Amino acid sequence: MNRMIETIRSRHQEMLDALSALGGAVVADAEGTHSLQLAGFLRHKLLPHMHSEEHHLYVLVDGFDTERNLKVTAGMTLDHQFVECQIASIDECLRTARHNSVQDLGHVALHRKLEILLARLDAVLRMHLRREEDAYLAVLRRYASHEIEGEIRLRMQRVYGDGETIASPSETAVEGSIS
Ligand SMILES: [Fe+2]
Ligand SMILES: [Fe+2]
């Protein structure tokens, strides 16, 4: 149980670290290549991760203590929706920034908006990931030595697995080249 929770925490931390590093790089240079990397991370790592969790894991959280945990996943799903809206707004800002030059009117305002959106995303994501870790830990504790424990671990493995590392600004591959 501890190992699985450690894997989940470490994947979550990687996401926070990637957001922080890529977001920081973009705030420092919104027109640079990090903009594509950030867009790629948000759309191809963070969004699929949330969708996969809802599909494979939230049903488990709902399943073990219906009355209490339905509320837990309802809140976590709302977090996902908020994160998705923030990603759409950041994406729009990044596209505009890519087509603007520093001389353009509104450049400073756009830059400031991007900074605010990234800070909001970071804050809500931190709170959300912590909430999820507690919920998953509760599920693992509840089903320890239970016949479906293997299935739970398999699903968690599928979502969190030993997956590839998350993009960082130092990586050369730009996953977000599709815009
Ligand atoms: Fe999530
Ligand atoms: Fe998660």
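Q: From the N terminus on, how do the elements of the protein chain run?
A: They run α-α-α-α-α-α. The chain has six helices and zero strands. Helices (H or I, at least four residues) and strands (E, at least two) are DSSP runs, numbered from the N terminus.

Q: What should I know about the model?
A: This is a predicted model, where local features need pLDDT of at least 70, side-chain atom pairs count only at pLDDT 80 or more, and totals for chains, interfaces and linings use all residues. Residues are numbered from 1 along each chain as its sequence is written, chains are lettered from A and ligands numbered from 1 in the order in which they are written, and side-chain values use heavy atoms, with hydrogens and water left out.

Q: What percentage of the protein chain counts as buried?
A: Of its 179 residues, 42% count as buried. Buried means under 20% relative accessible area, exposed over 50%, and partly exposed in between (1.4 Å probe, protein chains only).

Q: Which residues coordinate the iron ion (ligand 1)?
A: The donors come from E53 (OE), H80 (NE2), H128 (NE2) and E132 (OE), at 2.0 to 2.2 Å. Donors are N, O and S atoms within 2.8 Å of the metal (3.2 Å for Na, K and Ca). Water is not among the atoms, so sites may look incomplete.

Q: Why is the arrangement around that ion irregular?
A: The four donor atoms around the iron ion (ligand 1) subtend angles of 82 to 168 degrees, and that makes it irregular. Four donors count as tetrahedral if all angles lie between 85 and 135 degrees. Four count as square planar and six as octahedral if opposite donors are over 155 degrees apart and all others between 65 and 115. Anything else is irregular.

Q: And which residues coordinate the iron ion (ligand 2)?
A: H12 (NE2), H49 (NE2), E53 (OE), E132 (OE) and Y160 (OH) do, at 2.0 to 2.5 Å. Along the chain, these donors follow the spacing H-x36-H-x3-E-x78-E-x27-Y. H12 is in helix 1 (residues 2–28) and E132 in helix 5 (residues 107–142), so this pair links distant parts of the chain, 120 residues apart. Both H12 and E132 are buried.

Q: How far apart are the two iron ions?
A: They are 3.6 Å apart, and E53 coordinates both. E53 lies in helix 2 and H80 in helix 4 (residues 66–99), so that pair ties together parts 27 residues apart in sequence.

Q: Is E53 buried or exposed?
A: E53 counts as buried, at 1% relative accessibility. H80 is buried too, with a relative accessible area of 1%.

Q: What does E53 touch?
A: Among its contacts are Y58, V159 and Y160, not counting residues up to four places away in sequence. Contact means heavy atoms within 4.5 Å.

Q: New topic. Where is H55 found?
A: H55 is in helix 2. H55 is exposed, with a relative accessible area of 59%.

Q: And D91, buried or exposed?
A: D91 counts as buried, at 9% relative accessibility. D91 lies in helix 4. It touches A39 and R43, not counting residues up to four places away in sequence.
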